[in-house]
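Reader: I would like to go through this model term by term. For each label, please give the cut-off and then the value.

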Amino acid sequence: MNEPVVLRGQPPKGAPSVPVAIVGAGACGLTAALMLHDAGIECVLLERDLAPMGSTALSSGFIPAPGTRVQRARGVADSPAQFAADIQAKTHGTAPAHLVAAYSEAIAPALDALEERHGLQWQLLDDFLYPGHSLWRMHAVPEKTGVGLMARLQNAAARCDIPLLTEALVRVLWVDQQENITGLGYLRPDGTLEHLACDALILACNGYGGNRVLVRELLPEMDGAIFAGHVGNDGSAIAWGRALGCHLADLGGYQGHGSWAVPQGALITWALLMEGGIQVNLEGRRFHDETLGYSEAAVQVLAQPGATVWNVFDEELLDFARSFPDFCAAEQAGAVKSCSDEHALAALIGCDDRVLQATLDSLDPGFVGPFGRVFTRKLQAPYCAIRVTGALFHTQGGLDIDGQCRVLRTDGTAFANLLAAGGAARGVSGNSVWGYLSGNGLLSAVAGGFIAARTAASMIGKQ
Ligand SMILES: Cc1cc2nc3c(=O)[nH]c(=O)nc-3n(C[C@H](O)[C@H](O)[C@H](O)COP(=O)(O)OP(=O)(O)OC[C@H]3O[C@@H](n4cnc5c(N)ncnc54)[C@H](O)[C@@H]3O)c2cc1C
């Protein structure tokens, strides 16, 4: 059985039973498991990989949150309402209001709980204001990487003795006639299917970015683009949702990224471009306002000749970029090229010197330049350049949920014991690439996991 299916009835007799089963041990699943543990509720995490990584480990691990202990200590006066306004401004008001409110309220308590009860240390990233955020509210663990975030969440789960079944690829959802989830079936590496009964189920198995067929169907503009997320984003939740008659929402929403180094295959921080760097195509011309956001930039970059462009910056910006660990990794892999002057840069790009010179001359500090961008400084030789393409990072559409993360049917009613959060569920980016505000991915995962745990607890009568 290789495809996700829904079977009617109960798991086979003799299957073990657990109050709450969680599919997927990324940021969402692990947060939910830790919160259930704190509420005194037993749960089991089922994870397809031997060592859980998910897209969370591939990410930069940056999480926006208003009003955490750390943000308050830094003296930043933020609020869920301000955060919600920023999210909606990015989506032009198209994100579901109930989820924006729920997530912007829940994320700071979630980060504080992970800090106070499970020892996760948060740093406020205050050297750079992420596009679309009106205040410093991006948090990271000290390593400032997704690998660091995953390690800390997993260590916390291990300290709590939370059962984690690895190499357990969930393929079957069992559902009874009243449409209650009664359990699940999961494939073991040797091909055997094992079963687990449960009172409530949380789907935390992320989206469909790794499923080429679904990407072609739902995101045709990303068909053929590099997918930079985890292979486990195979659309399982969408397949189960379709079979169960769930409402699917915002399936055209996703996080793209216009700065994926090739051939190294590494994320190059957008902070470089926000702080004064530019993108030029193979003709040496700028083609968009880089400050609008990295997600929509993916589409702009892919539309350029050869679907590749160059990030151009200077040594002052190089020093700044070196504060990002993923940038340092890309630099070590040879992504950053140095050019003594404009001629060397034109030779590297393979474009006409005069076209490139005109592009560099147009960066007039203080004036509205081409595409409406206002520059604060001019790039200075020697230059640095990185060849990049546009990539799909993760999908933001999925199972429609209410503010308690309960999965909704097509008629708007909620399933009694089926929950979804993180990339498995609809996010807060609307139905487009341009609605993605930095951090919406882990916001949905961590705030959603936090809320789903609370709801699961109330479903099984513990809260
Ligand atoms: C390069 C990159 C950088 C990013 N940077 C950021 C960032 O800085 N900030 C931000 O907010 N977002 C970022 N994102 C997005 C972010 O990574 C995701 O939104 C987030 O990790 C989703 O968390 P999750 O728990 O829902 O999914 P995941 O972390 O992907 O976890 C899902 C887990 O479920 C498992 N799984 C899937 N299907 C099954 C199944 N059927 N049975 C059992 N297990 C299953 C998977 O193996 C995986 O471990 C980035 C993404 C990429 C690709």
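Reader: How far apart do the C-alpha centres of domain 1 and domain 2 lie?

Author: They lie 32 Å apart. Two remarks on the source belong here. The model is predicted: local features need pLDDT of at least 70 and side-chain atom pairs count only at pLDDT 80 or more, while totals for chains, interfaces and linings use all residues. Residues are numbered from 1 along each chain as its sequence is written.

Reader: What are the bounds of domain 1 and domain 2?

Author: Domain 1 covers 5-251 + 396-459, and domain 2 covers 254-392. Such bounds come from an automatic or database domain assignment.

Reader: How many residues of domain 1 are in contact with domain 2?

Author: A contact requires C-beta atoms, placed from the backbone, to lie within 7 Å. By that criterion 21 residues of domain 1 are in contact with 22 residues of domain 2. The side of domain 1 that touches domain 2 has eleven nonpolar, six polar and four charged residues. Here Ala, Val, Leu, Ile, Met, Phe, Trp, Tyr, Cys and Pro count as nonpolar, Asp, Glu, Lys and Arg as charged, and the others, Gly among them, as polar.

Reader: Why is Cys-405 called buried?

Author: A residue is buried if 20 or more other C-beta atoms lie within 10 Å of its own, exposed if 12 or fewer, and partly exposed in between, with C-beta atoms placed from the backbone. Cys-405 has 35 other C-beta atoms within 10 Å, so it is buried. Its phi is positive, about 70 degrees, although Cys-405 is not a glycine.

Reader: What makes His-92 count as exposed?

Author: His-92 has 11 C-beta neighbours inside 10 Å and therefore counts as exposed. Its phi is also positive, near 55 degrees. His-92 is in the loop between α4 (80-91) and α5 (97-118); helices (H or I, at least four residues) and strands (E, at least two) are DSSP runs, numbered from the N terminus.

Reader: Why do β4 and β5 stand at the edges of their sheet?

Author: Two strands pair if DSSP finds at least two bridges between them. Three strands form an open sheet in the order β4-β6-β5, with antiparallel pairing. β4 (63-64) and β5 (123-124) each have a single partner strand, so one side of each is left without a neighbour in the sheet. Two bridges join β5 to β6 (residues 138-140), and Gln-123 stands opposite Ala-140 in β6.

Reader: How many residues surround the ligand?

Author: The shell uses a cut-off on the C-beta atom, placed from the backbone, which must lie within 6 Å of the molecule. 41 residues surround the ligand, with Gly-24, Gly-26 and Gly-54 among the closest. By class the shell has 19 nonpolar, 19 polar and three charged residues.

Terms used. Contact = placed C-beta atoms within 7 Å.
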